[in-house]
Amino acid sequence: MNEARASTGAVVALGATVVIWAFSWIVMKLVLRYAGPFDFCALRYLIGAALLFVVLVVMRRPLACPPLGGTIVTGLAQTAAFQGLGQFALTSGGTGHVVLLAYAMPFWAVLLAWLLLGERPLRRHWIGLALAATGLTFVIAPWNGLGNPVSTAFALLGGMCWALGTVTSKRMFQRHQPDPLTFTAWQMAFGAVALGVVAVLVPQRSIDWSPTFIAGLAYSVILATSLAWTLWLLVVRRLPTAVASVSSLAVPVISVLMAWVVLHEKPTNSEWLGMAFIVAGLVAVSGIASTLRR
């Protein structure tokens, strides 16, 4: 009974994370009108980490840093590299295109989990990955050129870094069972420091502290950073890496639709076809079809 409730809770947490992160890409694109990519990311995660430490104190949760090596690697990969590269890719690429490329993460995560965690993918996982890979190929549409190759490369590299962070998070939970909120706060703090260093070294436009920018920063800090990353780590801990990773592909699909409505970035025919393959991959990896046949 408790195991069933835990699995149900993980699925609910995954759903909430998907919606929050989908809209966060819209916010990330909008705030570029008011700040440089690395300044925004550094502010987002410095404030987010500070907020989480306050929550830890109020809730009397453990404050001691989890094992340092895994926490630092996770922070550098999952917070600093993924978010920094993704935000930078948005400076020259469309929101829908960038988010779809960044969420190639499951391909790398499944392979890394197999190599580092011994989580051998099931047949349905490979089918889901093949369908999703086909979908992303249509999204990239190399037969039409790569559009902005810099944006494409940084978005894909960001997805690889997130995959590494996902696998190191899983390993941390398997070996050390850290408190999820404590682990989130510390890995975020290390990633935020790295982003702060990059923000100081890379020239960017001055921050325009407009109401829109402040609102975007608040959404990013409170919901997309503090809450959603904590939920994501709970998902990673309770669900198989392949399921958690490939299910997260729902984020770019929803984000593309949101970008069409909010930013008027209408998907191309190739992107529509790509999203159809991605959804098919989600159905395959979730095992819904086999459940219905029973």
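Trainee: How many of the 294 residues of the protein count as buried, and what makes a residue buried?

Mentor: Of the 294 residues, 52% count as buried. Buried means under 20% relative accessible area, exposed over 50% and partly exposed in between, with a 1.4 Å probe and protein chains only. This is a predicted model, in which local features need pLDDT of at least 70, side-chain atom pairs count only at pLDDT 80 or more, and totals for chains, interfaces and linings use all residues. Residues are numbered from 1 along each chain as its sequence is written, and side-chain values use heavy atoms, with hydrogens and water left out.

Trainee: Which elements make up the secondary structure of the protein?

Mentor: The protein has 13 helices and zero strands. Helices (H or I, at least four residues) and strands (E, at least two) are DSSP runs, numbered from the N terminus.

Trainee: How do you know what helix H2 should span?

Mentor: The expected span is 1.5 Å times one less than the number of residues. For the 22 residues of H2 (residues 37-58) this gives 32 Å, and the end C-alpha atoms are 32 Å apart, so the two agree. Among the buried residues of H2 are Phe 38, Tyr 45 and Leu 52.

Trainee: Why are H4 and H11 called roughly antiparallel?

Mentor: Helix H4 (residues 95-102) and helix H11 (residues 250-262) pack at about 175 degrees, with their axes 9 Å apart. Angles under 35 degrees count as roughly parallel, over 145 as roughly antiparallel, 65 to 115 as roughly perpendicular and the rest as oblique; H4 and H11 are therefore roughly antiparallel. Their contact (heavy atoms within 4.5 Å) includes Val 99 of H4 and Val 256 of H11.

Methods
Axes are lines fitted to C-alpha atoms, for helices over the stretch in contact, and angles run from 0 to 180 degrees between N-to-C directions.
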